[in-house]
Structures are given as C-alpha cells and as structure tokens.
Amino acid sequence: MAARPLIVGNWKMNGCRKKLAELNAIESHAATASAEVWMALPATLVGLAAIGARNITIGGQDVHFADAGAYTGSISAAMLREAGACFTLVGHSERRVGHGETGAVIRAKVDAAWRHGLDVVLCVGETAEQRNAGTGKETVAAQIRAAAGGPIAGGLAIAYEPVWCIGAPTAATPEQVAAMHQVIRGTLGALHGEAGVAVRLLYGGAVDPQSAPAILLAAEVDGVLAGRASLEVPAFCALINVASEIAA
Ligand code: PGA
C-alpha cells in the first residue's frame with residue numbers, strides 16, 4: 001500500500017448547499033489524518049466546496065470529452081478546473097454502463113481532463129454476467145488498455161469497481177480485489193513499464209469502515225472509493241481513521 005492511503009468519497013447525485021456543513025466536518029477531520037481525502041461532488045457544489053478546502057481535494061464525478069460545444073447538460077474539464085476541481089472521476093459504471101460509454105469515449109474524457117490539469121480517477125470493473133462467464137479479468141484489462149493505453153499525461157489513479165458490488169450489501173473479498181489489482185498492475189506494466197507502476201490502485205463498491213481494513217491490507221491496494229459511506233460524516237470519518245491507522 002502507498003505510504004499515504006487515498007480515500008475518495010463520491011456523493012453521486014446527493015447534496016445541496018446545506019450539506020456543505022458536513023463537508024466542513026470531513027475537512028476538519030482530514031486535517032489530523034494520515035490518509036489523503038478526495039471528494040467527488042455534484043458539479044453544483046464544486047465551486048463552493050473548493051473555496052474552503054485545505055485538507056481535502058475537491059473533484060467532479062464526470063467530464064465531457066470536448067472542450068466546448070453543443071452538448072446540453074454536460075460539463076467540460078475547463079469548467080470543472082475553473083470551479084476549483086483538482087480531479088474528476090471518469091468511467092464510473094453509472095456512466096459507463098448506464099449511459100453506454102465506449103472505451104474510446106472514456107479515453108477522450110481522460111485526455112480532456114489532463115488537457116486542463118485535472119487528475120483522473122479512472123473507474124473500471126466487470127458486470128456480474130461477465131464475471132460469471134469467466135471474462136471478468138479480460139473485460140477489466142480491455143478497459144484499461146482502452147482508457148489508459150496512450151501516454152500518461154497527467155495524474156492517474158485507477159479504481160477497480162466491480163459493477164456487482166456498487167450499491168450492493170457487501171464488498172468484494174480482499175482476495176478478489178487483490179486478484180484483479182494484479183491484472184490491472186500487469187496490464188499497466190505492459191503498457192507503460194515503470195510509469196504504470198506509479199499509478200495508485202483503489203477499490204470501490206460497498207466499502208464501509210468494517211470492510212475497509214482487510215481490503216486496504218490486500219496486495220496492491222493504495223486506497224478506496226466510497227459511495228454510500230461518504231454520505232454520512234461518522235461513517236466517512238471512521239473510514240478515514242481506519243486508513244490512517246493502517247498507514248501509521
Ligand atoms: P457504494 O458506491 O460505496 O455505495 O457501493 C461506490 C461507487 O459507486 O463508487
């Protein structure tokens with residue numbers, strides 16, 4: 001595991017301005033943590049949250065591949081950056097699967113983010129059907145090749161998020177996570193050699209303070225990405241504590 005684990009919270013489509021009080025509580029807690037804390041917020045909160053952020057890093061949840069144009073409802077990397085975001089999620093399955101995003105589209109989004117100085121948390125993961133058919137590892141390797149095959153021109157972390165764990169009652173086992181992280185690491189190594197080794201690998205999908213310790217201790221795990229557990233201050237602070245204790 002990296003010396004300083006990375007804990008990423010994803011609020012998804014939750015949170016109006018009132019919820020920024022909770023973000024302040026997370027911010028205060030993060031000041032004393034030995035984990036790095038990143039928050040992927042609804043676009044409407046990014047600018048407001050970025051103003052006061054000292055101990056947490058603010059980011060978006062998705063970005064368009066174009067810099068500008070007739071794309072109603074979308075947000076560009078330049079817009080996110082100007083609002084104060086430092087990173088963005090790309091390829092979350094609620095976009096990748098839910099909106100039918102191809103590998104080429106996801107690669108173009110990664111490039112757009114890097115063009116405008118945003119780090120990328122690239123989400124990859126297989127569906128239950130793919131896993132059951134025995135094609136899970138190849139699916140994830142192909143997602144990495146499509147999204148991260150070209151030059152690495154900016155900050156990159158990769159979150160393994162099996163679609164069958166997102167929103168599910170339980171997370172993948174540490175063994176399942178370690179096995180897929182090995183596939184991801186191998187794919188990155190084949191593509192980028194040493195540069196691939198520097199990419200941080202996270203796990204996401206039903207992470208909570210109970211499941212996190214064993215996952216964080218699994219081989220090749222540098223951090224976690226939490227959805228539901230990031231929405232409640234006590235749970236998220238407990239997650240930060242767990243990571244800090246492991247790092248200590
Ligand atoms: P979950 O979501 O932690 O609520 O399962 C994770 C994610 O979608 O990133």
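Biologist: How many cavities of 30 Å³ or more does a search of the whole structure find?

Modeller: This is a predicted model, in which local features need pLDDT of at least 70, side-chain atom pairs count only at pLDDT 80 or more, and totals for chains, interfaces and linings use all residues. Residues are numbered from 1 along each chain as its sequence is written, and side-chain values use heavy atoms, with hydrogens and water left out. A cavity is a set of points, on a 1 Å grid over the protein atoms alone, where a 1.4 Å probe fits but cannot get out, and its volume is the space filled by probe spheres set on the points, which are joined across faces, edges and corners. The number of cavities found is one.

Biologist: Which elements give two or more residues to the lining of the largest cavity?

Modeller: Lining residues have an atom within 4 Å of a point; for this cavity of about 30 Å³ they are Gly91, His92, Ser93, Arg96, Cys123, Val124, Gly125, Glu161 and Ile166. Helices (H or I, at least four residues) and strands (E, at least two) are DSSP runs, numbered from the N terminus. The elements are α4 and β5 (119-124).

Biologist: In which pocket does the ligand sit?

Modeller: A pocket is an open set of grid points with protein on both sides within 12 Å along at least five of seven lines. A molecule sits in one if more than half of its atoms lie within 2 Å of its grid points. The ligand is in the second largest pocket.

Biologist: Which residue has a polar side-chain atom 2.7 Å from an oxygen atom of the ligand?

Modeller: A polar contact is a pair of N or O atoms within 3.5 Å. A backbone N or O atom of alanine 206 lies 2.8 Å from a ligand oxygen, and a polar backbone atom of glycine 227 is 2.9 Å from one. The side-chain atom at 2.7 Å belongs to arginine 228.

Biologist: How much of the ligand's accessible area does the protein cover?

Modeller: Accessible areas come from the Shrake-Rupley method with a 1.4 Å probe. On its own, the ligand has 280 Å² of such area, and the protein covers 99%.

Terms used:
A polar contact is a pair of N or O atoms within 3.5 Å; within protein, one must be able to donate a hydrogen and the other to accept it, and residues adjacent in sequence count only if both atoms are side-chain atoms.
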